[in-house]
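Here is a brief report on one helix and on charged side-chain pairs. Have the sequence and the structure open as you read.

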Amino acid sequence: MADPQSSLVPLPDETLLRRAGRIQLLVLDVDGVLTDGTLWYGETGEAVKAFNSLDGLGMTLLKREQIAVAFLSARDSAPLRQRAGELGVTHLLLGRHDKAEAWQGLLRKLDITAEQAAYAGDDLIDLPVLRRAGLAITVPNGHPALRQYCHWCTERRGGQGAVREICELLLAGRGRLDAVVRSYADA
C-alpha cells in the first residue's frame, strides 16, 4: 500500500498548482474538449454527441469542492443540454460565437475575476478567452497555435478524459485530490 502522505497521482509543477489553486470556476468549450470534436447527425438532422463518463465524475467532484462548472460553445444541442442537466451544470453559454463577451458576462454574474477562472478550449475561436483566463488549458487534439497561449495542455485528448485531468489538476491545486481519491478507496 502506498504511503498515505505521498501524492496518489503525479502532480504538475508548483507554479501550475498555485495557479490551479486559485480557480473558482471552470469553463469548458464543448466540441473538441468535452467531446472529441466529431459532429454526428442522425437521419432527421438531430445532433448526437458522445461524452466521457470520466469527465462527468470529475465535474461532479469539482462541484462538491465548490468549484463552479460552465459550458461555453458556439453550438447548442439537445444532447449537450441533457448532459448538463445530468451533471447539474447550470451555467450554459450555448450558441455563443463571441466567446469573450459570454465569458466576461459570466464572470460579472458570478462576481469573480479572470484570475479565478480556468478555460479549456481547442480551436482558434477559443483564443480570446484563453488569453484572458487565469488558467488557460488546451488538449493535444486542439489547434497547435493554442499551446503558446496556454498554461497547460492535457495528456488525454478531448472527449477521452481530458476534462477529468483538468478537474484533478484543480483539486490538486487546492490540496484536495488525495483526500478525494482516499474517500473512494475507504468507502
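This is a predicted model. Most of α7 is covered, with 10 of 12 residues buried. Among them are V163, I166, L169 and L170.

Now the charges. The whole structure holds 9 salt bridges.

| Pair | N to O distance |
|---|---|
| R22 and E115 | 3.6 Å |
| K99 and D126 | 2.7 Å |
| R164 and E168 | 3.0 Å |

What does the R22 and E115 pair tie together? R22 sits in the loop between α1 and β1, and E115 in the loop between α5 and β6, so the bridge joins parts 93 residues apart in sequence. R22 is partly exposed at 39% relative accessible area. E115 is partly exposed too, at 40%.

The K99 and D126 bridge links helix α5 to the loop between β6 and α6, so parts 27 residues apart in sequence are tied together. K99 is buried at 3%, and D126 is buried at 0%.

R164 and E168 form a salt bridge inside α7, where 4 residues, about one helical turn, separate them. An α-helix has 3.6 residues a turn, so residues three or four places apart point the same way. R164 is buried at 16%, while E168 is partly exposed at 22%.

Technical notes: Residues are numbered from 1 along each chain as its sequence is written. This is a predicted model: local features need pLDDT of at least 70, side-chain atom pairs count only at pLDDT 80 or more; totals for chains, interfaces and linings use all residues. Side-chain values use heavy atoms; hydrogens and water are left out. Buried means under 20% relative accessible area, exposed over 50%, partly exposed in between (1.4 Å probe, protein chains only). Helices (H or I, at least four residues) and strands (E, at least two) are DSSP runs, numbered from the N terminus. A salt bridge is a side-chain nitrogen of Lys or Arg within 4 Å of a carboxyl oxygen of Asp or Glu.
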